[in-house]
Amino acid sequence: MKKKSAQVNPHHLSEDDSREFMVFHINKRLLNSKEFKPYNIFNPFRSDFFAIIMVHEGAIEVNVNLQNFRLKKSDLLAFAPNTIKHLVSISDDCKFYAILYKSSFLINANIREFHQNVYDLLVSGMPLFDLAVNEAKILGNLIEVMWLRSHGSESNFSNDPVVKHGFLSFLYEYTFLHRKYIRDGDRKTSRKEDLMLRFINLVANNFKEERSVDYYAKKLFITPKYLSEVTKDVSGKTASSIIAEMVIMEAKSLLNIPSLTVIEISDLLNFSDMSFFGKYFKRYTGTSPTAFRKLIS
């Protein structure tokens, strides 16, 4: 009988969860400050908000659901709530904007109902790379306006019409550039790449309950051997190692929550007991869950 997973609260935009929209201008020093320390974004975490980041100096590397993205000047990346992500690295000179917003903000701004293509793009999380100088400047100017409206404001400015219209303008420009640079017909994914994407999505939705390659192979109507051959060819990793990476990423995310005990985390991840969880975690990280928690505290 499978254990019932408890709910774990992801990162919120504010301590009281009242904010729906925020804009940050971030550098490495700020990320290491007391303001950002509680978020511990250098370790895997989930959030209950969407995010778009745009780099305007230096470079950062971000991992989202096991996929690494290296972003340099004028690159953008969007990701949806509840994806597992963490900041892998940031250059000393890096500066970037982060637009953070909840689904309720999208609804209130009439984006989700009336602009489904824009909403779908935000959920897909496709990056934009190598924009022309004028294109990056337009996006940067729109973010700058939103940031200036919010900078130094203690109140919730989600209902500010300038912010809402500025955000809509930003999203339309973002969508236009995706259509310009990333056309569906430009490149067909191979069968192996398609299988890999379907496998990753299946793992992301089921890894807490299912850790066997056989389970995912059956879902994809292929043999376990072929599944591992595909993942090895596409990503250089076996199917079992990808499943383990997702489990470990989630375990690290949960270990970031001080209120959860290691036993509770073991239950949340559906391990038979804490000992088995500890051995599994140490096999892939080289350290125990307790020791890892001490390292990140």
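Residues are numbered from 1 along each chain as its sequence is written, and side-chain values rest on heavy atoms, with hydrogens and water left out. Because the model is predicted, local features need pLDDT of at least 70 and side-chain atom pairs count only at pLDDT 80 or more, whereas totals for chains, interfaces and linings use all residues.

The protein has 13 helices and seven strands, where helices (H or I, at least four residues) and strands (E, at least two) are DSSP runs numbered from the N terminus. Of its 297 residues, 48% count as buried; here buried means under 20% relative accessible area, exposed over 50%, and partly exposed in between (1.4 Å probe, protein chains only). The protein exposes about 15,700 Å², of which carbon and sulfur atoms supply 54%; accessible areas come from the Shrake-Rupley method with a 1.4 Å probe, and for residues only the protein chains shown count as cover. Among contacts with a separation of 6 or more, 74% are between residues 24 or more positions apart, a contact being heavy atoms within 4.5 Å.

We can turn now to the sheets. Four strands form an open sheet in the order β1-β7-β2-β5, with antiparallel pairing; two strands pair if DSSP finds at least two bridges between them. The edges are held by β1 (21-27) and β5 (76-79), each with a single partner strand, so one side of each has no neighbour in the sheet. From one strand to the next, the twist averages 15°. Between β1 and the antiparallel strand β7 (residues 95-101) there are seven bridges, and H25 stands opposite Y97 in β7. Helix α5 (residues 133-150) packs on this sheet, touching β1, β2 (50-57), β5 and β7, and its direction makes about 110° with that of β1. Axes are lines fitted to C-alpha atoms, for helices over the stretch in contact, and angles run from 0 to 180 degrees between N-to-C directions. Helix α6 (residues 161-181) lies across β1, β2, β5 and β7 and runs at about 110° to β5.

Another open sheet has three strands in the order β4-β3-β6, again with antiparallel pairing. Its edge strands are β4 and β6 (85-90), each with a single partner strand, so one side of each is left without a neighbour in the sheet. Direction ignored, neighbouring strands of this sheet are turned by 20° against each other on average. Six bridges join strand β3 (residues 59-64) to β4 in the antiparallel sense, and the bridge partner of I60 is L71 in β4.

Helix α7 (residues 191-206) and helix α10 (residues 239-255) meet at an angle of about 40°, with their axes 10 Å apart. The two are therefore oblique to each other, given that angles under 35 degrees count as roughly parallel, over 145 as roughly antiparallel, 65 to 115 as roughly perpendicular and the rest as oblique. In this contact, M196, F199, I200, V203 and A204 in α7 meet A239, I242, I243 and M246 in α10. Against α12, α10 packs at an angle of about 110°, with the axes 10 Å apart, which makes α10 roughly perpendicular to α12. There, A244, V247, I248, A251, K252 and L255 in α10 meet F277, Y280, F281, Y284 and T285 in α12.

A239 lies in helix α10 and counts as buried because its relative accessibility is 0%. Leaving aside neighbours within four places in sequence, A239 is in contact with F199, V213, L227, S228 and T231. A239 and V213 are 26 residues apart in sequence, yet their C-alpha atoms are 6.4 Å apart in space. T231, found in helix α9 (residues 224-235), is likewise buried, with a relative accessible area of 0%. Not counting residues up to four places away in sequence, T231 touches M196, F199, G236, K237, T238, A239 and I242.

Two loop residues complete the picture. Most residues other than glycine have a negative phi. S74, in the loop between β4 (67-72) and β5, has a positive phi near 75° and is buried at 14% relative accessibility. N270, in the loop between α11 (262-268) and α12 (274-285), has a positive phi near 60° and is buried, with a relative accessible area of 15%.
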